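Let's take a walk through this one together. Have the sequence and the 3D view open side by side, and we'll go from the whole chain down to a single pair of residues.

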Amino acid sequence: MLLNRIEDGGGLTTENMSALFEARFGQALHDCGITPVYEYAAGVGETSVDFACGVWNVELLSFDETDAAKAASWEEGSTFGKSLSSPAPPTADEAQLDEAERQRRSDLRKQSPEGETLKGIERIVGKAQNDGQPSKFPAPDGARRSMLVVDARTFGQIDRWDCRQIAYGADAVPEWARYRWIADDGREFPIAGAFDARNRMRGARLFRERVHFLGIVSEETYEREELQYFIRFYHNPALFASKEDALAALRTFPLFQPEKTRARRPDLFVHEAFEAQGATVQFGVVTDGRIVICRVHGDTLEDIEERGLRPGSEEMVQAFDRHKDLLRRLALEKAKRDLVERDGTIFLVPRDLSLLPVRAPRA
């Protein structure tokens, strides 16, 4: 049925993005030894979820490119890109401008990471309803679990802070990473995620009441077995007593394979495996197929940030996260020059910044 859908839709085309994602997801389950039920009727009216396997009801969602994102795209010869910037507050005279100009400025505000995030959350929670009635996901019965997996490749390179905001809202990420929306009337408010009790979007309440997990995936090369490397899972705090309970449940989901994934693609995880230890922040890089532990001294971060940082503080970790790409490049440069410690680790100090031609801009 699914393969016929893809063939009827023209094969490998952008218009078939949703069906192709379903095919890759089904293949990933098959590679895990699972034969899922396609278009499973979970008992919610006439609707069905895309896949059922074991105790899991799984619905898939592919983000289409929004009108705002299309308007923000540019192309010049063989070069192309997308220009999204945070929304600017309305000017003092904006209310007096003609309707066309007010609409133009409103559209520009939507051409922003904040606008794209809001639109994505709206589509996510909207999966749980149809004309105000429950859709897809049954009310929890203690036996089966529901999950929505989102193909977010149209978002570009989505990081863990983006994913956490989509799932839980602005309060779940550091202050510097938070998105705040500015409405046309000038009101400013933090973004409420899919599982956020403050989310008043259509379908948000049903989503919180019925969906156990949100998975967000953005693949790079679409190679076989790649899909499970790129899924980030977020549990619904309203349906689990603790993170430990949620993790225990998630371990029964066939595509949750953290140990295997870390072994095969450690580069996808090392940027998350850092911690502040007194005056240093520890992280990892992959060089010559192995993980090398790195430590960046707080003085190095202070030089990059051009401000003081309290040792072992959250601000120190946040400074690392802002400049992790620079620090990772610096660590790899030291590894290439064999400038490692006797114990095999790499230690980054202020003078090492001269090893790279370009320093990170001040945050």
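This is a predicted model: local features need pLDDT of at least 70, side-chain atom pairs count only at pLDDT 80 or more; totals for chains, interfaces and linings use all residues.

**From the surface inwards**

Now turn to what's tucked away. The chain has 363 residues, and 47% of them are buried, meaning under 20% relative accessible area.

How many helices and strands are there to keep track of? The chain has 13 helices and 16 strands. As for how the chain meets itself, take the contacts with a separation of 6 or more: 62% of them are between residues 24 or more positions apart.

Next, pick out the open sheet. It's formed by six strands, and reading across you get β1-β2-β3-β8-β11-β12, with mixed pairing. At the edges sit β1 (37-40) and β12 (231-235), each of which pairs on one side only. Step from one strand to the next and the twist averages 30°.

What holds neighbouring strands side by side in a sheet? Strands pair through backbone hydrogen bonds, and they can do so either parallel or antiparallel.

For a parallel example, zoom in on β8 (residues 145-151) and β11 (residues 213-217), which are joined by five bridges. Which residue in β11 is the bridge partner of Leu-148? It's Leu-214.

Terms used:
Residues are numbered from 1 along each chain as its sequence is written. Side-chain values use heavy atoms; hydrogens and water are left out. Two strands pair if DSSP finds at least two bridges between them. Helices (H or I, at least four residues) and strands (E, at least two) are DSSP runs, numbered from the N terminus. Axes are lines fitted to C-alpha atoms, for helices over the stretch in contact, and angles run from 0 to 180 degrees between N-to-C directions. Buried means under 20% relative accessible area, exposed over 50%, partly exposed in between (1.4 Å probe, protein chains only). Contact means heavy atoms within 4.5 Å.
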